[in-house]
Every structure is written in structure tokens, then in C-alpha cells.
Amino acid sequence: MKNLLIGTITVYNWNEVAPFFNSYVKAGFENCDCVMFVENMSAHTIEKIRACGVQVFPTPEYLGKYRIVDYRWKVYEDFINANPGKYDMVYTTDVRDVIFQRDLFKDYEGHQPFLGVAVEDGIFSTEKSGHKDFFIGTYGLEAYEKYKDERIICMGTVGGTAAEFCEFCRIMWEILSSERIYHLEHVEHVAGCDQAVANYLLYNDKLFSNILLVSDNETGHVMTIGITEPEDVKLDAEGRVLNGEGKIAAVVHQYDRKPEVIKVILKKYSEGMSFFSKFILKHNNNKFIHFCKRLMNFIHREYKRGNLFNSLAGSVKRRLFKR
């Protein structure tokens, strides 16, 4: 059987996703399919992605009323079920801020069955993570107080044996497609519901507790470095990101928040990126440039969906009421 690397992308152009796919090609994945479901992507970008040996499919139109960060779980479940017995292990990651340094599936060999997640350096009460607001907005203050000292499990990097991963997707979609979550996201404009739901399932309901494999920045193969202190992000002589034990990480997530890592990304994985895009990435930590980039992507995405006014209103509401 093969392994499967699967993801979803919306709006981004090649300049924004080039490091992900360039690193995928260089990482040396063995016996692996890479599959991407895309929404509102240009033909040029899709052509470039396919040139990296990736299978590209459109996202199902009937799921369009939901956020892609939510309905991705349904897409993954359906794809795996449509290919019974084809895949051994499955892994999904974010795309815009992820690179691969080696074949991540090697780290899971011999661990079957399993569900694999990665934790960030912070806990729920870490202010700069934003997870406090995610959790309170989704489950309330009482639930937050119960789990505020727990490590943040990041939904940007999740994997498992095919059956276990598929079951996780089914449960996530069942909750995220519920009327309650839909109301929170589209009427009350609560952000981060998917993060809150997953962490609640894994901490409160003890979902998959007997087969859960957790990767941290100290000993794991996934480095989630968004809120990691800059001095704690170590590189070897070749510019590869290392975990706390000095081993080469397979996956680096949230690299765009660390200037030293961005320099390496631009040197090793920027093939095909425009000069302007390289400049934007290089200066991603400039608050004004970062804000402008996020604003342009936001307007483009919501305009394509015909939902620009409601989304702008929701964003203003979150700022006013700190939701």
C-alpha cells in the first residue's frame, strides 16, 4: 500500500505555495501520493502544482457554504473511502506555511494503528497564540478554565493510519457541520472553531487516547514554531530546522513567523517565486506588510465566494468584542 499526503488550498497563487511543493519534491517521499483539493485557484497555479507530481481536484461545490478549514475533513474522509485498501498511512498539513525536510512517514513506521498530532510550545492561556479566544468562543469560559494549562494541539499537521485518520475526519466533520458550530462561525463570527473542537475531543473526550502519538518541538519530528522563542529555533550547517534533541525535523510548520528560517526557505525552496513575492515573504514579520498581505488574501477569497460584506462585518465584530 501507498502513503497519502493530502491537503486543501483556497485562493493562493503559486508564489505563496511554492515552498511547500518545492520542499515536497526535494524531501524524497517514497511510495507516496500527494493529493490537493483546490478552491478558487488559477489554472497557472494548478499547472505548476501538477508539475510537482501532485494530483489536483476541485473541492465539491455542495460544501461551499462551509469554511474550507471545516469541510476539508469531509473531503479527506470521502477520498479515503473512495480508495479502499489503497493507503497505509495518511497525513494532512497546512500548505502556505509548511515545508518538508524529509519523508515524515518514516517516523511512524512500526506504530500501527495510530493517530498522530503535534503540539505547539504554548498552552491555551498563552495570549499570543489566540487559542484562548478560540476555546472560549466555542465551548465557553468554564471549559477554557478546565483546559487552559494544556498544550495546544495544532490542527495544521495531523496524520494516522488510514482507518483511524478517516474516523477522526468523520467525527470532526460531524461536529463542524452541526447547526451550533455553523451559527457560531457564520452568525456570531467566532474564529478557530476547528482548533477548539479538536482539542476538546482529544482532551475532554479522550478520543484515540490509547493510540495517540504526540510530536513536540523537543523530541518530535514536527516543529510547530509560530510562538516558539526565536532563540529556541535551531538550524544545522545546511539550514535545516532541528528539534530540541538536535535531530532534523521532517515537517516545519509556521516558518513564516521566523526571519532566520525564512532566509533558508528563500534560499532552498523559492524556485518559481517572483521577486515581489520573495520580498513580501522576507519581510513577513513587518506588521504593516503582514497586515496588507492578509487583507489582500481575505478580500480576494471572500469576493470570490460572494461573501465579502458579511465577512468584513464579522471581522469588525470580533475586533470590537475581542472574540
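Trainee: Which word applies to Thr-45, buried or exposed?

Mentor: This is a predicted model, in which local features need pLDDT of at least 70, side-chain atom pairs count only at pLDDT 80 or more, and totals for chains, interfaces and linings use all residues. Residues are numbered from 1 along each chain as its sequence is written, and side-chain values use heavy atoms, with hydrogens and water left out. Thr-45 has its place in helix H2 (residues 43–50); helices (H or I, at least four residues) and strands (E, at least two) are DSSP runs, numbered from the N terminus. Buried means under 20% relative accessible area, exposed over 50%, and partly exposed in between (1.4 Å probe, protein chains only), so Thr-45, at 0% relative accessibility, counts as buried.

Trainee: Which residues are in contact with Thr-45, leaving aside its neighbours within four places in sequence?

Mentor: Contact means heavy atoms within 4.5 Å. With the neighbours within four places in sequence set aside, the residues in contact with Thr-45 are Tyr-12, Asn-13, Trp-14 and Val-17.

Trainee: How wide an arc do the buried residues of helix H4 cover around the axis?

Mentor: In H4 (residues 131–139), the buried residues are His-131, Phe-135, Gly-137 and Thr-138. They lie on the same side of H4 because the arc that they cover around the axis, taken from the directions from the helix axis to the C-beta atoms, is only 170 degrees.

Trainee: How far apart in space are Phe-134 and Ala-196, C-alpha to C-alpha?

Mentor: Phe-134 is another residue found in helix H4. Beyond its neighbours within four places in sequence, Phe-134 is in contact with Ala-191, Gly-192, Gln-195 and Ala-196. Phe-134 and Ala-196 stand 62 residues apart in sequence, yet their C-alpha to C-alpha distance is 5.9 Å.

Trainee: How many residues apart in sequence are the parts tied together by Asp-33 and Lys-2?

Mentor: A salt bridge is a side-chain nitrogen of Lys or Arg within 4 Å of a carboxyl oxygen of Asp or Glu; Asp-33 and Lys-2 form one, at 3.0 Å from N to O. Asp-33 lies in strand E2 (residues 32–39) and Lys-2 in strand E1 (residues 2–10), so the pair links parts whose separation in sequence is 31 residues.

Trainee: Which residues make up the network of salt bridges that includes Lys-2?

Mentor: Asp-33 counts as buried at 7% relative accessibility, whereas Lys-2, at 32%, counts as partly exposed. A further residue joins this pair, and the linked network consists of Lys-2, Asp-33 and Lys-86.

Trainee: What is the relative accessible area of Asp-194?

Mentor: The side chains of Arg-72 and Asp-194 also meet in a salt bridge, at 3.5 Å from N to O. Arg-72 lies in helix H3 (residues 68–81) and Asp-194 in helix H8, so this pair ties together parts that are 122 residues apart in sequence. Arg-72 is buried at 5% relative accessibility, and Asp-194 is buried with a relative accessible area of 8%.

Trainee: What is omega for the peptide bond that joins Gln-112 and Pro-113?

Mentor: Most residues other than glycine have a negative phi, and most peptide bonds are trans. Pro-113 lies in the loop between E5 and E6. The bond joining Gln-112 and Pro-113 is cis, with omega at about -5 degrees.
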